[in-house]
Amino acid sequence: MDLSTRYLGLELKHPIVASASPLTRDIDGIRKLLDAEAAAIVVASVFEEDIAADHAALDERLETLRLASKQGDVPIIASLNGATQGGWVDFATRLQDAGASAIELDLYRVPSDINESGLTVEQSYVNILRAVKEKVEVPIAVKLSPYFSAPGNMAKKLVEAGAAGLVLFNRFYEGDIDLDSMLMKPEFRLSTPCDIQLPLMWISLLSGRLQASLAATSGVWTYKEAVKYLIVGADAVATTSSLLKEGPQNLGRIVDGLRKWMESRGYNSLDAFKGRYAAAHLECPDAFMRCHYSDILTSEPNDQGC
Ligand SMILES: Cc1cc2nc3c(=O)[nH]c(=O)nc-3n(C[C@H](O)[C@H](O)[C@H](O)COP(=O)(O)O)c2cc1C
């Protein structure tokens, strides 16, 4: 059975990727993920502010990247979260030189200035990508949030500016207030399979309409979520929360489940079903989405989880 796929122009033996997390921060975690048969690994993001505070942080991450990229034929993708235009370009170059097969730009910014328009924010993302593309040769993926008026148009602009792939979607962690200490408390929640729904819709809407790979991130715990993402057209499917909770070996379980599901349906390759539910097959996706919305509102609520 052929589970292989192409992502960012790279050949992957199957579509299941370990996304950036504490597990991918050091070589021990990365080795465990390689043992679990990850098809590609995204190393935890380099944050420009962390490097400004401690230069050793960058050296450590570059060394991890160097070691990881010598481990075998599994693509090791670096991830970068810059704060300044110069930082994005400088660190991207160093990540490439340390052996990254590709670089994921982790665009994470809250536009808190109410005088800044959506258009300006969007242009700033395009400018970052263009500046990195000018200096870096390895393929660039952009990890996007869903918070745009027109995420599809944003995706198109990024692809036109040279993104080889898009990763949908980055999760934002807004934090909470601790009423005992009256302080902000940083808190994140692991995803659940319910979190696939928004990326699922957008991958379906974008698949087959852009000259770029699409990777899904959010809510993949079992082969079922992976299959759903592939059906709407994802080229690669990433998981983090499931690995943090169940251990790196959960990645292998997802791949096994995918293989068994394909066997049970008589599919010999991903091409047999990938993109079958892409919205490009619909005559009028907008009307379909509106009907779907009203169907949902008039259906029985599901209180059983996903
Ligand atoms: C503890 C933790 C650390 C993460 N660190 C990063 C990071 O460094 N860079 C990044 O782009 N995403 C990071 N993420 C986001 C994940 O890569 C992933 O996109 C997100 O968790 C959604 O996938 P999931 O539902 O499988 O968890 C992190 C997520 C978690 C839970």
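Two strands pair if DSSP finds at least two bridges between them. Helices (H or I, at least four residues) and strands (E, at least two) are themselves DSSP runs, numbered from the N terminus. The structure is a predicted model: local features need pLDDT of at least 70 and side-chain atom pairs count only at pLDDT 80 or more, while totals for chains, interfaces and linings use all residues. Residues are numbered from 1 along each chain as its sequence is written.

Start at strand S7, residues 102-106. On one side, strand S6 (residues 76-81) pairs with S7 in the parallel sense, over 4 bridges. Ala102 of S7 is the bridge partner of Ile77. S7 also runs parallel to strand S8 (residues 140-144), and 4 bridges join these two. Here Ile103 has Ile140 in S8 as its bridge partner.

S6, helix H4 (residues 85-97) and S7 make a right-handed β-α-β unit; right-handed says that, with the strands pointing away from the viewer, the path from the first strand over the helix to the second runs clockwise. Another right-handed β-α-β unit is made by S7, helix H5 (residues 118-135) and S8.

S7 is mostly covered, with 5 of its 5 residues buried, that is, with 20 or more other C-beta atoms within 10 Å of their own, C-beta atoms being placed from the backbone. Ala102, Glu104 and Asp106 point one way from S7, and Ile103 and Leu105 point the other way.

Turn now to the ligand. It is surrounded by 20 residues, the closest being Ser19, Ala20, Ser45, Ser191 and Ser241; a residue is near a molecule if its C-beta atom, placed from the backbone, lies within 6 Å of it.

Key
A residue is buried if 20 or more other C-beta atoms lie within 10 Å of its own, exposed if 12 or fewer, and partly exposed in between; C-beta atoms are placed from the backbone.
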